[in-house]
Amino acid sequence: MDFGSINPILLIASLMVASTPILLAALGEMVVEKAGVLNLGVEGMMITGAVVGFAIGVNTGSSWAGFAVAALAGAALSMIFAIITQVLLSNQVATGLGLTLFGLGLSSLIGKPYVGMKAPGFAKLHIPGLSEIPFVGPVLFRHDPMVYVSILIVAGVWYLLTFTRAGLILRAVGENHNAAHALGYKVKTVRFAAIAFGGAMAGLGGAYVSLVRVPQWVEGMTAGAGWIALAIVVFASWRPWRILLGAYLFGGITVLQLNLQAAGSSIPVEYLSMSPYVITILVLVIISIRGNHGAPGSLGRVFHASH
Amino acid sequence: MKLVTTLLAGAAFGLAFATAAVAQDKTKVGFIYVGPVGDGGWTYEHDQGRLALEEEFGDMVETVYQENVPEGADAERAITQMALSGADLIFTTSFGFMDPTIAVAEKFPDVKFEHATGYKTADNVGVYSARFYEGRAVQGTIAGHLTESNIVGYIGSFPIPEVIRGINSAYIHAKKVNPDVQFKIVWAYTWFDPAKEADAAKALIEQGADVILQHTDSTAPQAAAQEAGNVYTFGQASDMIEYAPMPRVSSIIDNWAPYYIARTKAVMDGTWESDNTWDGIGAGMVGIGEITDAVPAEVKEEALALKDAIASGEYHPFTGPLNKQDGSTWLAEGETADDGTLAGMDFYVEGIEGDIPN
């Protein structure tokens, strides 16, 4: 075994890239769940974002345009979910699963002409000055812009949820929608907005896979990333910075196990592959022992003003 | 009243007869795919074979397929469903479908089954595979010449004989032309997961590999190599020509069409029998994609000469003297490997580092 051949700088840097899609998707889903809605359609919205982002990126030659339209596509798809669950009051779990299946089918339909095409480039942004710092520079400040954007969104969501009135209302709606309604807050409007945000973030995450991480369109390419995002939300007990930690942990394990194999490690990869899930279960056990599971009180419950 | 009943019964009988007659005209051929048709690799080539079948027989044949069938319990359900829908011949196109295929075949003795890359047969189950390792020998030769870091990365899918044969064959031939060559092997434990394949390629490149061989199905490693710059790759299962001339410098192409056509014809003629087909470059089941100009002319010539020697049967990629990884003798001078050993290959040859995971 030769650990010397693993370069920690490159390892951490590629860990950040590998984690960005699940980070974006998990953050979006966290906001949705904070508003009391469980949307299991993350995978479907991600893959739709991936194909739409790639198609727009190829046709316009601009990855930025691809990301923007992917976010819109994810949000548009999530609106189907919003209408079915919030207006027609259907079961959220079943609708979310349906959304995933629909997204997978829709994406392969849209993607047929794009198989085998190449993505437009997405230049890395070396932050002047900071990227020259030894070790820290190459690890943190020599990425493509979306990596920085994703971290900025984490900070933004954290600030919004913790320090603003809008964040407080969102959390109130998620904790107890009847009380929030009695106080005069528009429960459905808030939830529509949260679901749209979640969809947009999933779309961005998907587009990151097809435009930067892989980068090409292949059917079914998100390969379960949306489900991992859902696990991360629970792992993070619905807190933004822990989402960042969770995403880097989940993404990092994948990169690490591949690197360990290439270095000739004798640790069976199965242990590493399952470790994030074991940790998730441990976290769940710990938070339930502490009595506060952290899940929003109205999560997954149907709201109707007359009930 | 009785007349009406008789008439009705007669009509029903006639109808049933008509349907049966129509059904007999058309031979229904089913395909079970492990990935999506649009993977650009393994499943894509099987589907090309299916399309060639439709082209060849036109109205005489009806084809159906199911893509993205997971290996395992779900496969049995998918194959059963296809058999129930009236398929006469079913091709199951991944190693992991082996046991499900055998299990379903027992329940449908009148349906013929063909399983790709496996080794279990039955009266109504044949197996077929391609000698990909012959193509790997050509790849190994090119890889050994091209690498400057002397590190060749290899993305394996699952540690099964088919994949291990490929690694050994590529290594033996890379070593022949470049004694300093070293193989770094990463197991992705998937046939198809573009993001993971890309990560695996990146991990190998970061650890110094400048040639990447893959035994997974998507083009993601090609894209990762292209981004990295001076890294060479080979198309896997499909030509992957869109990545030529760099990073993709050549490829192994699976050509299933002739086999699918021959076997369907056998079902139509009623001459189908369980078989064990294992064809290579010579029979045209394994093709070598165009070697691009990124490869020096003399290397290209050497690779093509090797290809011809394998095709004519003059040279076997596993020819002694060869030792196993632990140093014990496997093949004596001039001896060639028998198909039985190759089919169950579970060891590395001497010189490859690391263990095969269980």
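The crossing of H5(B) and H10(B) is right-handed (a crossing is right-handed if the near helix is turned clockwise from the far one by less than a right angle, and left-handed if anticlockwise). Helices (H or I, at least four residues) and strands (E, at least two) are DSSP runs numbered from the N terminus. In this predicted model, local features need pLDDT of at least 70 and side-chain atom pairs count only at pLDDT 80 or more, while totals for chains, interfaces and linings use all residues. Residues are numbered from 1 along each chain as its sequence is written, and chains are lettered from A and ligands numbered from 1 in the order in which they are written.

The axes of helix H5 (residues 132–146) of chain B and helix H10 (residues 297–311) of chain B come within 9 Å, crossing at roughly 160 degrees. Axes are lines fitted to C-alpha atoms, for helices over the stretch in contact, and angles run from 0 to 180 degrees between N-to-C directions. H5(B) is therefore roughly antiparallel to H10(B) (angles under 35 degrees count as roughly parallel, over 145 as roughly antiparallel, 65 to 115 as roughly perpendicular and the rest as oblique). On H5(B), the contact is made by Glu134(B), Ala137(B), Val138(B), Thr141(B), Ile142(B) and His145(B); on H10(B), by Val299(B), Glu302(B), Ala303(B), Leu306(B), Lys307(B) and Ile310(B). Residues are in contact if their C-beta atoms, placed from the backbone, lie within 7 Å. The residues of this contact comprise seven nonpolar, two polar and three charged, where Ala, Val, Leu, Ile, Met, Phe, Trp, Tyr, Cys and Pro count as nonpolar, Asp, Glu, Lys and Arg as charged, and the others, Gly among them, as polar.

In chain A, the axes of helix H3 (residues 63–87) and helix H4 (residues 92–111) come within 10 Å and cross at roughly 155 degrees; H3(A) and H4(A) are therefore roughly antiparallel to each other. The crossing of H3(A) with H4(A) is right-handed. Leu77(A), Ile80(A), Phe81(A), Ile84(A) and Thr85(A) of H3(A) meet Gln92(A), Thr95(A), Gly96(A), Leu99(A) and Gly103(A) of H4(A). Five residues of this contact are nonpolar, five are polar and none is charged.

The domain assignment of chain B, automatic or from a database, gives domain 1 (2–130 + 256–279) and domain 2 (132–254 + 285–343). Their C-alpha centres lie 32 Å apart. Domain 1 of chain B contributes 18 residues to the contact and domain 2 of chain B contributes 17 residues. Helix H2 (42–57) and strand S11 (276–279) of chain B each supply at least two residues of the domain 1 side, and H2(B) gives the most, with four residues. The domain 1 side divides into nine nonpolar, six polar and three charged residues.

Between the chains, the contact takes 32 residues from chain A and 32 residues from chain B. On the chain A side, helix H1 (8–34), H4, helix H9 (187–213) and helix H11 (240–262) each supply at least two residues, and the largest share, six residues, comes from H11(A). This side divides into 16 nonpolar, 13 polar and three charged residues. The predictor gives the complex an ipTM of 0.77 and a pTM of 0.80.

Chain B averages a pLDDT (the predictor's confidence in each residue, from 0 to 100) of 89, and 93% of the residues score at least 70. Among the elements of chain B, helix H1 (residues 2–25) has the lowest mean pLDDT (47) and strand S3 (residues 89–92) the highest (96). Over residues 1–23 of chain B the pLDDT is below 50, and this stretch has one contact in the model beyond near neighbours in sequence.

Key. Contact = placed C-beta atoms within 7 Å.
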